[in-house]
Amino acid sequence: MSIPGLLFVFGDAGPQLSDAEFNDWYDNEHVPLRMAIPAFRTTSRWAAVDGRHPHYLATYDLASLSVLDEAPYNTFAATRSPRETDVIRRVQLLDRRTYGVLEPVFEPSTGYDEARGAPGPTLITLQIDIRPELEDDLNRWYAEEHIPLLAKVPGWRRSRRFVLMDAGPAKGTDASKLVVRPPKYLAVHEWDSPTSFETEEFRYATSTPWRMKLFESADVWDKREFKEMRTWVQG
């Protein structure tokens, strides 16, 4: 049985496509086609607030990773509308990654309504690559210290971890092939607002000796911050 997963897509409209046209296509054609598939539980679109690129992010929560290899999803590239074909040709970047859920699955904050599917409106993503001999330590840090500490920070909603399964540009784009494979580990943290990051609880959770040891040992430790643009919920 295929494991639950996350389809994670960075995007930049680029010089040949306006942001307005890119967002209209994404919201009114691209996402609705995918949300017609029951295994796509929720989709959220995000905009970067950290001044970095890629500027856009889309996250698709999947009941099963196998849906990506089945019809109708695996027919979309061959059955695109003329509009979508044109947008895909002109867009600067659609960096598509698939992740499997990593256990343990952490309980969300009290009152978090997973059935409603609404994420925290502020999103932190953290991509990490670390030497294989340190992976067990990284996983123990998340489970035994880091996420339990984050759960005590006012405004924390939910934290989830994933492992990279596949990556590459969307079919049909003019974007260059990925030269470097993305980091193996992804953590996604949902928050009520960025004010949480100014609290003593957050500062402590992100500066413990265990955390700093892993940070200094990691090959990649890439943190990004986004705000929610729109969310779609199945059903």
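1. On helix α5, the face turned away from the buried side carries the exposed residues P209 and E216, where exposed means over 50% relative accessible area, buried under 20% and partly exposed in between, with a 1.4 Å probe and protein chains only. Helices (H or I, at least four residues) and strands (E, at least two) are DSSP runs numbered from the N terminus.

2. This is a predicted model, in which local features need pLDDT of at least 70 and side-chain atom pairs count only at pLDDT 80 or more, while totals for chains, interfaces and linings use all residues. Residues are numbered from 1 along each chain as its sequence is written, and side-chain values use heavy atoms, with hydrogens and water left out.

3. The buried residues of α5, which spans residues 209–217, are W210, R211 and L214. Because they cover an arc of only 100° around the axis, they lie on the same side of α5; the arc is that of the directions from the helix axis to the C-beta atoms.

4. The whole structure holds 16 aromatic pairs, a pair being rings of Phe, Tyr or Trp (its six-membered ring) whose centres lie within 6.5 Å, with planes under 30 degrees apart counted as stacked, over 60 as edge-to-face and the rest as tilted. One of them, F8 with F10, is edge-to-face, at 5.0 Å centre to centre and 80° between the planes. F8 counts as buried because its relative accessibility is 0%, and F10 counts as buried because its value is 3%. F8, F10, Y99 and F226 form one aromatic cluster.
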